[in-house]
Amino acid sequence: IVSIPSTLAEMYVKNGENGLTVEKDVNKFRKTINDVIEGKYDSIGKVARQCFLEEFSRRRLGEEFGKYVK
């Protein structure tokens, strides 16, 4: 969960897919947290892990670095 606007939200988080973005408003933040607790976003964790492995893991970054070194 990241607040918007923010660099994290702009670069890495796809709201509702691999994370959640929330406006800088206490009531909206509380609602989002309640939705998470109630299980509304159960699939986000699986998608976020897959996104990390595909785009940001050490292995992936090493593969990308290797392309540039060649």
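**Salt bridges around one aspartate**

Tutor: The side chains of D35 and K31 form a salt bridge, with N to O at 3.0 Å; the term requires a side-chain nitrogen of Lys or Arg within 4 Å of a carboxyl oxygen of Asp or Glu. The model is predicted, so local features need pLDDT of at least 70 and side-chain atom pairs count only at pLDDT 80 or more, while totals for chains, interfaces and linings use all residues. Residues are numbered from 1 along each chain as its sequence is written, and side-chain values use heavy atoms, with hydrogens and water left out.

D35 and K31 are four residues apart in helix α2 (residues 26–37), which puts about one helical turn between them; helices are DSSP runs of H or I with at least four residues, numbered from the N terminus. An α-helix has 3.6 residues a turn, so residues three or four places apart point the same way.

D35 is buried at 10% relative accessibility, whereas K31 is partly exposed at 48%. Here buried means under 20% relative accessible area, exposed over 50%, and partly exposed in between, with a 1.4 Å probe and protein chains only. D35 also meets the side chain of K40 in a salt bridge, at 3.8 Å from N to O, and K40 counts as exposed at 54% relative accessibility.

Elsewhere, E23 and K28 form a salt bridge at 3.0 Å, N to O. E23 is partly exposed at 43% relative accessibility, and K28 is partly exposed at 40%. A network of salt bridges links R59, R60, E63, E64 and K67. The search of the whole structure finds seven salt bridges.

Notes:
Helix = DSSP H or I, 4+ residues; strand = E, 2+ residues; numbered from the N terminus.
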